[in-house]
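Subject: Structure handover

Dear colleague,

Here is the structure I said I would pass on. My notes follow below it.

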Amino acid sequence: GYKEGELLGMKFDELIHFDHTASFNHEEQQRRGDTTKTHRREIKVVCKNGEERWIDLTYGWVKFPYGIVNQKEFATMATAFDITEKKKAEGALKESEERYRLVSELMSDYAYLDKVEPDGRFIPLWLTESFFKLTGYTPEESMRYDFLERFVHPDDIPIIADGIQQSLK
């Protein structure tokens, strides 16, 4: 929201969101004058209108001949990309995963997803946490190729096999 020239002479930490100011300034003190590396960080900034945005900031120190840059020997060069939408999507995904986790922990029964191989074998892809609580099996045990045969009662194997054949048609 700034116009051309408005940022000149402004300290970058004036743009940084207060949640990030202390850690950013601490890192800068550690890195000041190190022209051998570039640094990258995701950081929240505050726009002129007060809106908060996320940027992917890549920056580094460059050395200039004395007197060229405001009588200072070093200057910072940076690129910044707006990643606000990416951060929103990550937040929504995290929230969705947390909701799923809570639902799966509160379920009295369980849910699962298996891949059926052409030879009829089941490959477990996903099981709710309640499955492990209910059955006593571990996630590692559930991923074995012969898990279904160990888990399902022998009398029910023909029923499962018939269901597999029907689903493969």
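A pocket here is an open set of grid points with protein on both sides within 12 Å along at least five of seven lines, and its lining residues have an atom within 4 Å of a point. Please keep in mind that this is a predicted model.

Confidence. The chain has a mean pLDDT of 79, with 82% of its residues at 70 or more. Helix α2 (residues 84-106) has the highest confidence, at a mean of 88, and helix α1 (residues 18-31) the lowest, at 67. Where pLDDT is low, the predicted coordinates should not be read in detail.

The second largest pocket. Its volume is about 290 Å³. The lining consists of 14 residues, and Tyr-112, Asp-114, Leu-148, Phe-151 and Val-152 are the ones that lie nearest the centre. At least two lining residues come from each of β4 (112-116), β5 (122-127) and α5 (147-151). Sorted by class, the lining of this pocket holds 12 nonpolar and two charged residues, with no polar ones.

The β1-β2 hairpin. Strands β1 (residues 38-46) and β2 (residues 52-63) run antiparallel and are joined by nine bridges. Five residues separate the two strands of the hairpin, and Gly-50, in the turn, has a positive phi of about 95 degrees.

Regards

Note on methods: Residues numbered from 1 in each chain as written. Predicted model: local features only at pLDDT ≥ 70, side-chain atom pairs only at ≥ 80, totals over all residues. Heavy atoms only, no water. pLDDT = per-residue confidence, 0-100. Helix = DSSP H or I, 4+ residues; strand = E, 2+ residues; numbered from the N terminus. 1 Å grid on protein atoms, 1.4 Å probe; cavity = no way out; pocket = protein on both sides within 12 Å on 5 of 7 lines; lining within 4 Å. Points joined across faces, edges and corners; volume = space filled by probe spheres on them. Nonpolar A, V, L, I, M, F, W, Y, C, P; charged D, E, K, R; others polar. Pairing = 2+ DSSP bridges.
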